[in-house]
Protein chains: 2
Amino acid sequence: MVEENTDAEIEIQELIDNHQLKAVAERFKNWAYPEIADLLVQLDKPHQILAYRALPRQRAADMFAYLEPEEQDSLLEALTDADTRTLLADLSPDDRTEMLEELPATVTRRLMQLLSPEDLAESRQLLGYPEESVGRLMTPDYIRLRAEWSVEQAIAHIRKYGRDSEIFNILYVTDGNGLLIDVVRMRTIIMSSPQVLIRDLLNYNFISISAFEDREVAVEKIQRYDVSALPVVDSEGVLVGIVTVDDIMDVAEEEATEDIQKGAGMAPLETKYSAASPVQLFRKRIGWLLILIFVNLISAGVISSYEDYVMEFITLALFMPLVIASGGNCGAQSATLMVRAIATGDVELGDWMQSVSKEILVGVLLGIAMAIIAGGVGHLYGGDAKIAVIVGLSMISIVFVANAFGALLPFVLSRIKVDPAAASTPLITSLMDVLGLIIYFSIAVVILG
Amino acid sequence: MVEENTDAEIEIQELIDNHQLKAVAERFKNWAYPEIADLLVQLDKPHQILAYRALPRQRAADMFAYLEPEEQDSLLEALTDADTRTLLADLSPDDRTEMLEELPATVTRRLMQLLSPEDLAESRQLLGYPEESVGRLMTPDYIRLRAEWSVEQAIAHIRKYGRDSEIFNILYVTDGNGLLIDVVRMRTIIMSSPQVLIRDLLNYNFISISAFEDREVAVEKIQRYDVSALPVVDSEGVLVGIVTVDDIMDVAEEEATEDIQKGAGMAPLETKYSAASPVQLFRKRIGWLLILIFVNLISAGVISSYEDYVMEFITLALFMPLVIASGGNCGAQSATLMVRAIATGDVELGDWMQSVSKEILVGVLLGIAMAIIAGGVGHLYGGDAKIAVIVGLSMISIVFVANAFGALLPFVLSRIKVDPAAASTPLITSLMDVLGLIIYFSIAVVILG
């Protein structure tokens, strides 16, 4: 696809240079939106604008929704107010909310002024929901039916109003006050006789979500119930919109990325990596790194209190990196397993005893294996049976402690309302640096006297 | 929901004890499948079987698909061959493939013998595709149309054959040889007049995927094109099945979990954490831990070669944990950022120069900040300006090197076909242990003489 695009890019540029805009539109006709968007951003500014204008109105808006925020921003700068007004009117409400949310505030203010009064009211309403809430994700473009209609009436209604709905295979049955009564599948309607009433197709067994819920809950519900859209209701149960699975997949990917970044000891980026500036990256990363410096100075304190001892038995210094790293690595493994199992709903917070017990057992197994290897190589290296015993015994104790603490920490953090994804791995790694040295030197003192 | 279930559990058990199986079925009638599945696994074995039998045939099969593999296994053990045969016939083909894949081989063999000849042929075909391929995920339950039909004929066909299809909002147009010609939306059909030909609704602009492709490619395509299902074709372009977005979301979650586990230096679990035994966990985790022991012994070698030096300036030993940890932490951050950006398609492999340059700049910023803090505290601690200078200079050099190498490593690993998610973080962390010590002691030698 990438190679194709490069050829296509040259061709489109030539067509534009020859003022053959109709041919450009014709060329794009069978392309999917992400492909057009990818090609567009490769073009230089003047060609980009002309290619964008060559697209039919609705296709231009649908393609626009696939651009990255910074690409949208750059294209918007070049568009006239008239172009922008048309674009805003043609964007679907959820794409419009996302755009207004992501663009710089000054651009958003300018855009709000170009909205039609109805679209402005709609956008204000959607932007009124808390950040990261379901309300920000939803679209009001869906098909409502009434329970008292017949299938025939419903189909006539769908044919009349269904063109712009985001979801076509699920229909929403509401009463006169907009209260959500049930959802019904298009399949059920098509399979039923024209004179059957919608009421008789309902089983009042539907899943909905509040507009104020965190968007992660929408991910969980869509994943759990395998539905392609969830109806969104306000506190009274009135249907205010729907969230669709395509938006939810994007949210799930973003949340996984955030958890991965947190696991590596940094604050989540909030934008794509490619869009983050070096200064933004610095800010997100420096926090934990500085905390870790201070924790490592505690390690320095521990070593300093055994200073004379290290002077006497300098071989002890050789294995310091090993005892520090092994505790950190093991603890990070068990903390990571636990954090992810909790995040995906595999392990419930109430099950902590079971998981921690399992990790204690795993810790014993890992500790024995690592003690044998490390003790063995310690013997070869240090040339001293006592050093080998110290390294081996430290290893088994450190790995055991790291594994148990690593497993326990995410549950404790969740309990005290600290995000376990953000804190578990860096905390257990630094804790084990200090604890590892204390265990190592304590064992050394006992054995070497 | 959880509290509700506990009450419901007691109620269901009582109904079963009083032989009121009809009441049980009635009670379940308005429940979603995941809720029934959750309740069922809470019951003891005899109640579980009776509650399962109380469900109508198709509902029992649909609910069964929501059980975890080990729960399916345990329920299957208790079912008679007749029960199992009915269940297998009622399961949808993709759920059946998944079950046969996940269950122990002995159970799978028994189940294959209970399949009807057609289902057996179908399962053999699906299981014939490589593991983790699109072929294993797909279902053959979709609606085919012919281009020469009218909308009226198409709707009649849909009403006749559409009941069991997994997807209803997208229809697949094939020729006489089964070759996929185009896809058409239910919306387009409903909106068109009955006498229009399907041919005239097509734009021949569809996205498909090969059955032999890796399932991650299906995740990317579904996410990129925002479709609810992808048609799956063989090497000739013949339509062999569809993959649906609900299965794809599960795959995306599994893949994210695998990447998170790899990032913490372990082999991916392949099962849920809750289903993994301590011995399995041990096996997945010990590999990298042992490799890290050997890397840490190189660190021991480095220290050993500066042994006399450390004896002379024992304060140097105090800051060893700091220089080791900071390089590892920084390198892990930049490697993690890069691995995830590559995995989500945010950064392309060809863009490595851009990303590595950005990370070099971030490394300079982080290095300066950390050098100031660490040097300052080093001065307070060591009480010696020279030590402070050594710690500060080491910090800036180590952080800079770690950041650049951490960013570069994922690109290099991808280039030589090693999974960057699996190797980047543990490799950079261990590499920086050794390099960090070398940099630290080299600077110390220059300054202390």
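**Figure 1. The copies in this predicted model meet through the same surface, because 100% of the interface residues of chain A are also interface residues in chain B.** The contact involves 90 residues of chain A and 90 residues of chain B. Helix α16 of chain A, residues 278-305, gives the largest share of the side of chain A that touches chain B. That share is 15 residues. By residue class, this side of chain A holds 55 nonpolar residues, 20 polar ones and 15 charged ones.

**Figure 2. Chain A superposed on chain B by a rotation of 180 degrees.** The shift along the rotation axis is 0.0 Å. The RMSD of the superposition is 0.1 Å. The two copies are therefore related as by a two-fold rotation axis.

**Figure 3. Chain A and its domains, as given by the domain assignment.** Domain 1 covers 2-129, domain 2 covers 144-251 and domain 3 covers 273-448. Between the C-alpha centres of domain 2 and domain 3 of chain A lie 51 Å. The C-alpha trace of chain A spans about 90 × 60 × 35 Å along its principal axes. Its radius of gyration is 30 Å, whereas a compact globule of 449 residues would have one near 22 Å. The secondary structure of chain A consists of 22 helices and six strands.

**Figure 4. The open sheet β1-β2-β3 of chain A.** Three strands make up this sheet, and their pairing is mixed. The edges are β1 (144-145) and β3 (180-185) of chain A, each of which pairs on one side only. Strand β2 of chain A covers residues 170-174. β1(A) and β2(A) run parallel and are joined by two bridges. Here R144(A) has Y172(A) in β2(A) as its bridge partner.

**Figure 5. The antiparallel pair β2(A) and β3(A), with its hairpin.** Five bridges join these two strands. I170(A) has R185(A) in β3(A) as its bridge partner. What phi does G178(A) take in the hairpin? G178(A) has a positive phi, near 85 degrees. The hairpin has five residues between the strands.

**Figure 6. The open sheet β4-β5-β6 of chain B.** This sheet has three strands and mixed pairing. Its edge strands are β4 (209-210) and β6 (239-244) of chain B. Each edge strand pairs on one side only. Strand β5 of chain B, residues 229-233, runs parallel to β4(B). Two bridges join β4(B) to β5(B). Within this pair, V232(B) in β5(B) stands opposite I209(B).

**Figure 7. Helix α15 of chain B packed on the sheet.** The helix covers residues 245-263. Which strands does α15 of chain B touch? The helix touches β5 and β6 of chain B. The direction of α15 makes about 65 degrees with that of β6(B).

How values were computed: Residues numbered from 1 in each chain as written. Chains lettered and ligands numbered in written order. Predicted model: local features only at pLDDT ≥ 70, side-chain atom pairs only at ≥ 80, totals over all residues. Contact = placed C-beta atoms within 7 Å. Helix = DSSP H or I, 4+ residues; strand = E, 2+ residues; numbered from the N terminus. Nonpolar A, V, L, I, M, F, W, Y, C, P; charged D, E, K, R; others polar. Pairing = 2+ DSSP bridges. Axes fitted to C-alpha atoms, helices over the stretch in contact; angles between N-to-C directions. Domains from an automatic or database assignment. Least-squares fit on C-alpha atoms with pLDDT ≥ 70 in both. Rg over C-alpha atoms; globule rule 2.2 N^0.38 Å.
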